[in-house]
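Notebook open, structure loaded. I want to jot down what I looked up, starting with the whole protein and ending with a single residue.

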Amino acid sequence: MRRGLELAALGPVVGDHARVGAVILSPTGDVLAEGWHKGAGTPHAEVDAMAKVDPSLLRGATAVVTLEPCNHTGRTGPCAVALLEAGVARVVYAIDDPGADVHGGADRLRAAGVEVVSGVLADQAEAFLERWLLSVRLGRPWVTVKWASSLDGRAAAADGTSKWITGAAARQHVHEQRAAHDAILVGTGTVLADDPSLTARGDAGELLADQPLPVVLGDRPVPADAAVRQHPRGLVTLSGHDLAAALGALRGHGVHSVFVEGGPTVASALIAAGLVDEYLVYIAPVLIGGPRVALDDLGVGSISGRRRLDVLSTTSLGPDLLVRARPQRAQHQHLQHDQQHAAPGHGDDGPTNDRSTP
Ligand SMILES: NC(=O)c1ccc[n+]([C@@H]2O[C@H](COP(=O)([O-])OP(=O)(O)OC[C@H]3O[C@@H](n4cnc5c(N)ncnc54)[C@H](OP(=O)(O)O)[C@@H]3O)[C@@H](O)[C@H]2O)c1
C-alpha cells in the first residue's frame, strides 16, 4: 500500500479525478505490475496495472489499491467488474470511495467471492486524498485562502496598491500554488484595483503547464480590457454574493480545489462562513500602516469568538515568511455544521464562462 500511495502521487495534481495507485501481486507475493490513474477519462489505477500483466497471471492474484475499486460506469467501466473478470482472488484497499454513485465496489467483489480487506494505511491515504475527499463529501471544492501582508497586517497601501508587498521568492511560491489548484478566485474589487492576469507563471514569466480556471466573484462587470480576459482557460464570472452557491457551482463543473487570492472582502466573507480549509499567509518585513488591513469583519465580536488556527509550517522565502495554517478542527466542524443548516439560497446566476462552460 505504501508503494500504491507513491504511485498515486505520480498522477496529475489538478483535474476532475482522484489520484489512485495500484499494485498487482502474484499468489506468492511477487509484484506483477504497478499502475496509477493519469487523469479523468483514462483507465483507473487497477485497470492500468492489470493491462500490463499477461491475463493468465491475474487468476488468483491480489490487487492492492489506495481507493476502493469503483462500481460505476462513467468515462471508464466499473473496476470491480474488471477485477472479477480477470479472476483476481483478493483485493486490499485503503479507504472507501465516498462517491454516492461509485461506491459499492467492495460489496460487489465480496458478493462474488473475492476476499476484500479494507482500511490498510487508511490515515495516510485519507491525508493524501484530502482535497478530493472533502470536495466529494461536502459538495464544494477545497478552499485555500492566500494573502500577502506587511508585518503589521496590511494588504495594500492607502491608495490601494499592493504590487508588490512580498519579494520574488514568495511570488514564485504563489505561482506554484496557483498551478496546484483547479481554480483561482478573486472578487471584483481585486480585478478593478490590480488588473491581475490570474495565470500561473514561472521565473521568467512563462506560463506553467497547469493553469487554474480563473473565477471572478461579484456583480460589477469585469472590464472588456481586463488582463484576466486573456487567460488561456477563459474567464468564469459568478454574479451575486452567495459563496456556498458559487463554490457548489464550481464543484458541479469538476473543480475540486480553489485558490482564493482575495481580496480582503471576499477572503473575510469566506472565513466568516466557515468555508476555508487552509491559509497561506506571506508576511513581508515591511510596515505599511493605515486602513487597508488583510481581513475585515469576520463576525468576531468578542475575543472568545476568535478563529483558532493550527500552524502546519513556517517557511522563509527570501526576506519573507510563509505561514501555512488550518482552522482548528473542532471549531471548523462547528462552523461547517452551521453553514449546512443555514440553508443558503441559490440566488446566483450560476457560472458564466466567457468562452464556454468550465
Ligand atoms: N495583499 C494581498 O494579498 C491582496 C490580494 C488581493 C487584493 N489585494 C488588495 O485588496 C484591495 C481590494 O480589496 P476588496 O476587498 O475590494 O477586493 P475583493 O474582495 O476582491 O472584492 C470585493 C468585492 O467582491 C464582491 N463580492 C463577491 N462576493 C462577496 C461576498 N460574499 N461578500 C462581499 N463581497 C463580495 C463585491 O463586489 P460587487 O459589488 O461587484 O458584487 C465586493 O465589493 C486592493 O487594494 C488590492 O490591491 C491585496
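Ground rules first. This is a predicted model, where local features need pLDDT of at least 70 and side-chain atom pairs count only at pLDDT 80 or more, while totals for chains, interfaces and linings use all residues. Residues are numbered from 1 along each chain as its sequence is written, and side-chain values use heavy atoms, with hydrogens and water left out.

**Overall build**

I find 12 helices and 14 strands, taken as DSSP runs numbered from the N terminus (helices H or I, at least four residues; strands E, at least two). The C-alpha atoms fill a box of roughly 70 × 45 × 40 Å along the principal axes. Of the 358 residues, 48% count as buried, meaning under 20% relative accessible area with a 1.4 Å probe and protein chains only.

**Ligand site**

I looked up the shell next: 28 residues surround the ligand, each with a heavy atom within 4 Å of it. The closest are Gly-160, Thr-190, Asp-219, His-241 and Thr-265. Helix H9 (188-194) supplies at least two shell residues, as do strand S6 (142-150) and helix H11 (264-272). H9 gives the largest share, with 5 residues.

For polar contacts I used pairs of N or O atoms within 3.5 Å. An N or O atom in the side chain of Asp-194 sits 2.8 Å from a ligand oxygen. From the backbone, a polar atom of Val-266 is 2.9 Å from an oxygen of the ligand, and an N or O atom of Gly-187 is 3.1 Å from one. The protein covers 84% of the 930 Å² of accessible area that the ligand has on its own.

Is Val-323 buried or exposed? It counts as buried because its relative accessibility is 16%. I find Val-323 in strand S13 (residues 320-327). Leaving aside neighbours within four places in sequence, Val-323 contacts Tyr-279, Leu-280, Val-281, Ile-283, Val-311, Ser-313 and Thr-314, where contact means heavy atoms within 4.5 Å. I also checked Val-323 against Glu-6: they are 317 residues apart in sequence and 27 Å apart in space, C-alpha to C-alpha.

Technical notes:
Polar contact = N/O pair within 3.5 Å; in protein donor to acceptor, adjacent residues only side chain to side chain. Areas by Shrake-Rupley, 256 points an atom, 1.4 Å probe, with all protein chains shown as cover. Buried < 20%, exposed > 50% of the residue type's maximum accessible area, 1.4 Å probe, protein only.
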